[in-house]
Amino acid sequence: MKKVIELENVTRLYRMGDESVYALRDVSLFVAEGSFTSIMGPSGSGKSTIMSIIGCLDVPTSGRVLIDGEDTSGMNENQLAYVRNRKIGFVFQHFSLLPKLSALENVEVPLLYAGVNPRERRKRAEAMLERVGLSDRMKHRPNELSGGQKQRVAIARALINNPAMILADEPTGALDSSTGHEVMDLFHSLNEEGSTIVFVTHDRSLASECSRIISIRDGRIEDDGF
């Protein structure tokens, strides 16, 4: 079994004036390749901090984080940015699409940063939008798309560099329930095709659709789901 994510005794401490606030306390977990894992907890539980650390957007105060076998401890910002671009596909609640770019151009952005030539970028982005069912919306800008279509563009962008994992933070939170179910169906299809998905949510009904639920409360793992 290949481990795509490993957290070893991770603690994240924030200092606020004279006070110390623990967002995470001695957290250890792993995520296997090809799994569909949810990280669930109430507001303030530490799940957003775990997401930021797994996504190399933040670093732990102590402990080790390995992403696709690479130890990120001691990496500088450029090295962490490389891991984010090549190893992790992000899907956010509010889509984070660039408003002046078309769906196709939005999906191309990670390839631009990866140095892929324009012709190859276009070819791969078109194929990815077809994969998520948006072959007829490629030229549309975000303001011309529905919420569900925007999230499909965001998912296509997350997949474009063939990342080791997709990290989805409340990806249905800005959608109505019907559209949210459509997006979840897409995640299930991607997982069946082999994508490793980590799904961060406070919604137990959505978490229950994943094959494993990791529950976190007060910065500690409450239930690992195994």
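**Entry: helices H3 and H5**

I began with the helix axes in this predicted model. The axes of H3 (residues 103-113) and H5 (residues 147-159) come within 7 Å and cross at roughly 30°. Here helices are DSSP runs of H or I with at least four residues, strands are runs of E with at least two, and both are numbered from the N terminus. The axes are lines fitted to C-alpha atoms, for helices over the stretch in contact, with angles running from 0 to 180 degrees between N-to-C directions.

I noted that H3 and H5 are therefore roughly parallel to each other (angles under 35 degrees count as roughly parallel, over 145 as roughly antiparallel, 65 to 115 as roughly perpendicular and the rest as oblique). Which residues make the contact? From H3 I listed Ala-103, Asn-106, Val-107 and Pro-110, and from H5 Val-153, Ala-156 and Arg-157. Contact means heavy atoms within 4.5 Å.

**Entry: helix H1**

Next I checked H1 (residues 47-54), which is mostly covered, with 7 of its 8 residues buried. Buried means under 20% relative accessible area, exposed over 50%, and partly exposed in between (1.4 Å probe, protein chains only). Among the buried residues I found Lys-47, Ile-50 and Met-51. After H1 comes Cys-56, with a positive phi near 60°.

**Entry: aromatic rings**

How many aromatic pairs does the structure hold? I found 3. Rings of Phe, Tyr and Trp (its six-membered ring) pair if their centres lie within 6.5 Å; planes under 30 degrees apart count as stacked, over 60 as edge-to-face and the rest as tilted.

The ring centres of Phe-36 and Phe-199 are 6.3 Å apart and the planes are at 75°, so this pair is edge-to-face. Phe-36 lies in strand S3 (residues 36-40) and Phe-199 in strand S8 (residues 197-201), so the pair ties together parts 163 residues apart in sequence. Phe-36 is buried at 2% relative accessible area, and Phe-199 is buried at 0%. I also saw that Phe-36, Phe-187 and Phe-199 form one aromatic cluster.

**Entry: charges over rings**

Lastly, I looked at charged ends. That of Lys-3 sits over the ring of Phe-30, 4.8 Å from its centre, and that of Arg-12 sits over the ring of Tyr-14, 4.2 Å from its centre. The test asks for NZ of Lys or CZ of Arg within 6 Å of the ring centre and within 35 degrees of the ring normal.

Residues are numbered from 1 along each chain as its sequence is written, and side-chain values use heavy atoms, leaving out hydrogens and water. As the model is predicted, local features need pLDDT of at least 70 and side-chain atom pairs count only at pLDDT 80 or more, while totals for chains, interfaces and linings use all residues.
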